[in-house]
Amino acid sequence: MTERLLAKGDHIVAPAHATRVQALLAACISLGLVLALTVSMPFARLPTHGTEALLPAYAAATFILELMTAALLFALFNAQRTGALLLLASGYLFSALTIPAWAISFPGVFGSLGIDFGLQATAAVAALRRLAFPLSILAYALAPVCDRMSMSPGRAIAASIVGVCLAAGLLTGAILVNHRGLPTLMLDARQVDSLWFYVPGLALFLYGVNIVLLLWRRRAPLDIWVCLVLFSLFIELLTISYLGGAIRLSVGWWTGRIYGLVAASVILLVLLSESARVQGRLVETIAAERRARQNRLTAMEALSASIAHEINQPLTSMITNASAALRWLARQEPQVDKADAALRRIVDDGHRANKVVAGIRAMFSKGTQERAEVDLGAVVLEAVRTASAEANHGGIDLEVDLEPQLPAVNGNGAQLHHVLRNLIENAIDAVKASGERSRRVILRARRDTYGVVTVSVEDNGTGVAHAIADRVFDPFVSTKPGGMGMGLMFCRSVIEAHGGRIWVTPNFPRGAVFHFSLPAAILSAAGPKTVDRDAQVER
């Protein structure tokens, strides 16, 4: 996943057009350079004094900027393996490696150390830099940006670095060693010979050709930043060689050097910002993957706990009824009818367990759940009937208050039955724990004027603590000691899947009331299904 993100994230050299924001930003920087040039033009030929001491700092800054840019371009080539990137990185590396020779040979800078390479060495190294860099840009502009090299990226980078270092070392070494045989480019330490002007003229021509070629091809967003570099170098050379009269250490000469620092910084800043953006996307992606993994684990835990919680109820009832059947049969006069009733309840509980599993599987499946018109009143009465044995054993009165002509709802009857069983059994447990003499649980069902059916389960038990009232339907939050905290979560999932909502309110003077509401089904031509509020409930 990380490799795919890096491949997509480094789109700055992918075959795509520069965005409007990138083009606008490059245009604004170019305009700023032109404005700075306009301001400095009247002062371009003014000489400066004692500024030779700034040369080492300028050379060091340029060397570091270009070397870092080359390193980032090589790293980008390692990810994308395009020959164009390798050529551009090699050009920056060659330009950086020629700076030490240019700074060391500069007249008057290191003379106190006994270093003197004459007047022509610095100009010859500068000519080498001026022409080699735009030639490498020309090679980058002509190379296809989308072709991937078959050679191993590590071997290609190593070969390029070794080749560039050898070329830079041999060329600058030859200039410094043979400085007395160099052509005359400088008249003195500050004034150039007419021969020098062929160098900036050819360099400016190469800059212009590269800019036109890159803008015409428009292969990748990186091209527009390379154009900005070339434009900065164009202004630098124009300021130094023409507006400043090619006078060393003049105002125009130093202004041009500032443009050179801008040119050396552009690609570096772009690559750093792009790397930061990709790194940010990578961090976000990893965090999203971790959240998704944690959500899947939580969902699996919730599913397994829900199954265990819901299956435990019919299993407990089956064990209770089986024990009762054995006791009826173990009497001196076996009461077969009682045992038969207990066994039938076991069969019913087995079917109920099967429906629980089917309902849970349907709730967590991605497919459409089976829905039909459900007589909610009948579901309420069935839930009360199945819970009546436990209520009678605890001395708790189960009361039912159903509105006559209660409309049907669309849904899954097994799931709604299980919701009611959960709520009723929770109410019974709360009443048992309260120690109240008067124990009761009341189920009510009403329809409002908007066609919504609301069912409530009231008890006078221990109630819901205020601290967890807002979280009582969350997974693993329980109001009972030793509870798994899955029953109410299951209820909320089912009710919300049916298009309804569920909530809890206090029951005064004590206890709690759990409500859920469901939209009524569309009435059929035969009229709504109704429930007789006087229906007999087995106690």
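Trainee: How many salt bridges does the structure hold?

Mentor: Side chains of opposite charge can pair when their charged atoms come close. A salt bridge here is a side-chain nitrogen of Lys or Arg within 4 Å of a carboxyl oxygen of Asp or Glu. The structure holds eleven salt bridges. This is a predicted model, in which local features need pLDDT of at least 70 and side-chain atom pairs count only at pLDDT 80 or more, while totals for chains, interfaces and linings use all residues. Residues are numbered from 1 along each chain as its sequence is written, and side-chain values use heavy atoms, with hydrogens and water left out.

Trainee: Which residue forms a salt bridge with arginine 129?

Mentor: The partner of arginine 129 is glutamate 66, with the closest N and O atoms 3.8 Å apart. Arginine 129 lies in helix H6 and glutamate 66 in helix H3, so the pair ties together parts that are 63 residues apart in sequence. Helices (H or I, at least four residues) and strands (E, at least two) are DSSP runs, numbered from the N terminus.

Trainee: Are arginine 129 and glutamate 66 buried or exposed?

Mentor: Buried means under 20% relative accessible area, exposed over 50%, and partly exposed in between, with a 1.4 Å probe and protein chains only. Both arginine 129 and glutamate 66 are buried.

Trainee: What does a salt bridge inside one helix look like?

Mentor: Take glutamate 382 and arginine 385, whose side chains meet in a salt bridge (2.7 Å, N to O). They are three residues apart in helix H12 (residues 376-393), which means a separation of about one helical turn. Glutamate 382 is partly exposed at 31% relative accessibility, and arginine 385 is partly exposed at 31%.

Trainee: Which residues are linked in a network of salt bridges?

Mentor: Asp401, Arg444, Arg446 and Glu458.

Trainee: How do I check the length of a helix, say H2?

Mentor: The expected span is 1.5 Å times one less than the number of residues. Helix H2 (residues 20-40) has 21 residues and should span 30 Å; its end C-alpha atoms are 30 Å apart, which agrees.

Trainee: Which residues of H2 are buried?

Mentor: They are Gln22, Ala26, Ser30, Leu33, Leu37 and Ser40. Down the axis of H2, these buried residues fall within an arc of 90 degrees, so they line one face of the helix. The arc is that of the directions from the helix axis to the C-beta atoms. Exposed residues on the other side of H2 are Arg20, Val21, Leu24, Leu31, Leu35 and Val39.

Trainee: How many residues of H6 are buried?

Mentor: H6 is mostly covered, with 17 of its 23 residues buried.

Trainee: What about the backbone in loops?

Mentor: Leucine 249 has a phi near 65 degrees, a positive value in a residue other than glycine. Leucine 249 sits in the loop between helix H9 (221-243) and helix H10 (251-330), and is buried with a relative accessible area of 3%. For a cis peptide bond, look from phenylalanine 508 to proline 509, where omega is near 5 degrees. Proline 509 is in the loop between strand E6 (501-506) and strand E7 (512-519).
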